[in-house]
Amino acid sequence: MIGWKKTARHCAAVALAAVGLVTGPVSAQTQTKIGFNVPLTGFAAADGASALNGAKLAIAQANANGGLGGKPIELVVYDDQGIAKEAVPAVTKMIEKDGVVVGVSGSYSGSTRAAASIFQTAKIPYVTAYAIHPEITLAGDFMFRVSAMGEVQGRAGAKLVNDLGKKKVVIVTIKNDFGQALAAGFKEAAVKFGLTIQNEYEYGLPDRQFGPIASKIKADNPDIIYASGYFYTAGPLVSQLRSAGITAPIIGQEGYDSDKFIEIAGAASEGVYVTTSLDRDSDAAATKSFLTEYKKATNAGPDMVAASSYTAVAVAIEGLKKTGGKGGDALRDAIAGLTYDSPIGKLSFNDLHEVAKDVQVQIVKDKAFRRHSVISDPVLLAPPTKKK
Amino acid sequence: MLYVELIAQGLVQGCIYAAIALGLTLVYGLLRILHVAHAALFTLGAYIGVLTTNATGSLALAFVAAMLVSGVAGVAVFRLGYQPILNRPPFVALIASIGLYIAAEEIFRIVFGASGLSFVAAPLQSQVPIFGGLQFKQAEIAVMLGTALIIAVLAYLQNRTRIGVACQATVSDPQMAESFGVSLQMVRDINFFVGSALAAFAGVWVGLLNNLVEPTMGSVPAYKALAIIVLGGLGSVQGTLLAALTLGIIESFGTIYLGKVLDRNAIAFAFLIAVLLVRPQGMFASK
Amino acid sequence: MGYEITLLTTMGISILFALSLNLITGFCGQISLGHAAFLGIGAYASALSTKAGAPFFLAVLFAMAFAGIIGVVVGLASLRVRADFLAITTMGVGFLFVGIVRQQDALGGELGISGIPDTGLSRPAFMVLTLILAAIAAALSIYIKRAWMGRVFAGIAEDEDTMRVLGIDAPSYKLAAFAIGTALAGVAGALYAHHLKFIGPESFGFVESITVLSMVVVGGIGSVAGVAIAAALLSVLPAWFQIIGDYKLLVYGGLLFLMMRFAPGGLAGIFASAMQSRNRTTNRGKP
């Protein structure tokens, strides 16, 4: 019985391979499609809009440079509302109906996590732009991620506190996977640096009123505040901390990384540190050209989400160029072997297909993000590997 | 000292809740509709507030414009949306209201963008020291004073004017009021106008406190205001007021001391369920 | 094929879930705004059991029993409150569920549970199982509706006090409705978890509760066929609406509103009036 099943599976595999050989050249005739799931409606629509802009820019640039062997590349966009339930039919459809050869997630962790196993089962490479859930890359060997994981960013935050010579920290954590991962990484490294965590407060994604937390932090009187959030929570948070009379420096992360944060927090945003992946004052050609091109294309200031989505799509295109449009195992191996100069730094993937790179520290000065320092510590910032 | 600050912060939030929930309770008291789309009028008010301030530089004008526009929109929602289905079971209006809210949220996103709007130069942002290191944003003090003032004005109108008395009479006995020559239509219109204007009032303040108005800013008030009017005993103005302020203070302490156990919404609803188990008619219901 | 299978599986789960709420809200008239909590309880219970090595079918049974037991507990508490108070109380239960799950590391906290094991069924077989379970739920619903229990439910929905006067033990029947409805929701949750292979607290929040209630109301409250059709349609609407992209939720919300405004009886109501007018035209010929 078992033997029969095995034989049947072998036959099916051979048959599929044969079909693949036959249809291979045929599908190369048509346009190469990159699938892109992104929250265009729902709670994450603001980040979704940025992500889509970044992805479109990457496609436009590639097509202006001749696309893939002279043919333009097509971006197939599906709205997943940032939720798992909507992502599943969306990515199933882009795989089966549109026949995408590679997928890119421009979405949050929930939908990306659900989509990951579908791409893995279909043996189609899936590049995650900025979702930080640790289990995304654990879904299998077709998964890639171009951004640093939450824990890694949290450890960078603790190092920044230490570098700034501060000891007493209060943590303000946003209650979702992003905040939880950041806090876990921060606390882990805080022990190493001998930091004292005075208190930790948590808030929910819809919260915009932080008066009580501000009052309590004022009583705690910390040296520095490590507060996670997105620009739409961080703007009101920073502004309310300052108006309660708290002068301690504040460290944010890539969720802050949007001009909108500065617009909302206004004068209170001055001097806020942000650990992120986009350096506005970079000398690197890839970053500089992205910053100007993005501004030209969208007439808006680039942010981390846009830069990461741009990078994820660009990585997928780079892989496709290596394989000449072929997908599957060949594309997976091609992407895994890439070293790529992206707007968010030089990328190469480890055996778990996570990237190791420096963390950029930006500081808000005169209503703009400016370079403060770069945290470069390959040991501290090492992403998890397969063996873990 | 910390407790004083926490109470004060709770009151600021409570005042916002009060302004939103009062409008909702006016509507509920009269028509028994769980009016979720009330939160859309709150958002509308906030948008009008920011747009007007940015265009004219006058916050006072922004309040007037926001309250007028939302008030009229509220009457339109009632006339076009609810009036034809009033004699249906209550969940029909509830679902209609939810549909309306979802659609409104999307319209704000499509028209004004997903990342929301901010004031170009947000007014009332400077600090006011009170005593012993305690300090507030001007806007926070203004919220409390403004809400107290508007409630006082409403109470005066309700008890001292013909229309106010007519409204009260209609709530307690519509048939009787009608037989005394009160126009039901007019009373309902006025209730929706005033209730929606109050929501807009709260919306402008929230926009000012956060310096941010977003398409989704109504999603929390949409359900929390319902919880507050239930706590207050459904339809009772005094009860709603007390419930709103109490909830504001409980959340204020809760986020600090219970934040690790339950989130803000869960704290609010744990409180609600606890109250309803002891007093199924609401915390401050008269009966 | 896979895409159609995914859609049909989603549909089957939604039908099962909507029918489970229809038992409580449709048949028995008890409005619930927190039904997604029971979907969540089933999803978490089953996911944890299969991750611990339990066979899938056992996990489904466990999910069903566990959700049903919690359902009875919530039902007991809900006996104290009625109508709109009940709606808000159940909404509170929903928020409490999400609030509690978020803080439990054993339940994955904010990260949720991923890597939920395969069921051992192929995807088409899983789809067939889902559709069969949905069909069983529909058959059970129709059976209950025609049985004595269904008539008592209808009586309670119509006028609970009269039923009590008639000497009918209304609380026990309400509890029965809660028990069956929440147990079915638990089954739906188990299917949901093993279909998506990933669950998180956000999946079972207020929005999901509202979505399922709209399925029931749009279908025509209490109508088994109507609710099943509405659940099937509304569950795949967002996928179909991909074409209209940006306007997806706007159209969804707008449809909900227009449906309630112009056809408050839902799909069942539209169907009934269509039948009626046809009968009228056919009868006209004969005196």
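This is a predicted model: local features need pLDDT of at least 70, side-chain atom pairs count only at pLDDT 80 or more; totals for chains, interfaces and linings use all residues.
Leaving aside neighbours within four places in sequence, which residues is B:Val213 in contact with?

View 1. Beyond its neighbours within four places in sequence, B:Val213 is in contact with B:Ala46, B:Tyr47, B:Val50, B:Gly116, B:Leu117 and B:Gly207. The residue lies in the loop that runs between helix 8 (184-210) and helix 9 (219-231) of chain B, and B:Val213 counts as buried because its relative accessibility is 0%, where the cut-off for buried is under 20%.

**View 2. B:Val213 and B:Gly248 in chain B.** These two residues stand 35 residues apart along the chain, and a distance of 21 Å separates the C-alpha atom of B:Val213 from that of B:Gly248.

**View 3. The interface between chain A and chain C.** Here 27 residues of chain A are in contact with 27 residues of chain C, and the two chains bury about 2400 Å² between them, with 55% of this area on carbon and sulfur atoms. On the chain A side, the residues that lose the most area to chain C are A:Lys85, A:Lys175 and A:Gln180, which together account for 22% of what that side buries.

**View 4. Polar contacts and salt bridges between chain A and chain C.** Nine residue pairs are in polar contact across these chains, both residues being at pLDDT 80 or more, and the count of salt bridges is two. C:Glu4 forms a salt bridge with A:Lys97, in which the closest N and O atoms are 2.5 Å apart. Strand 2 (73-79), helix 3 (84-96), helix 4 (109-122) and helix 6 (177-193) of chain A each supply at least two residues of the side that touches chain C, and helix 3 gives the largest share, nine residues. By residue class, this side of chain A divides into eight nonpolar, eight polar and 11 charged residues.

Key: Residues are numbered from 1 along each chain as its sequence is written. Chains are lettered from A and ligands numbered from 1 in the order in which they are written. Side-chain values use heavy atoms; hydrogens and water are left out. Contact means heavy atoms within 4.5 Å. Buried area is the accessible area (1.4 Å probe) that two parts lose on being put together, summed over both. A salt bridge is a side-chain nitrogen of Lys or Arg within 4 Å of a carboxyl oxygen of Asp or Glu. A polar contact is a pair of N or O atoms within 3.5 Å; within protein, one must be able to donate a hydrogen and the other to accept it, and residues adjacent in sequence count only if both atoms are side-chain atoms. Helices (H or I, at least four residues) and strands (E, at least two) are DSSP runs, numbered from the N terminus. Ala, Val, Leu, Ile, Met, Phe, Trp, Tyr, Cys and Pro count as nonpolar, Asp, Glu, Lys and Arg as charged, and the others, Gly among them, as polar. Buried means under 20% relative accessible area, exposed over 50%, partly exposed in between (1.4 Å probe, protein chains only).
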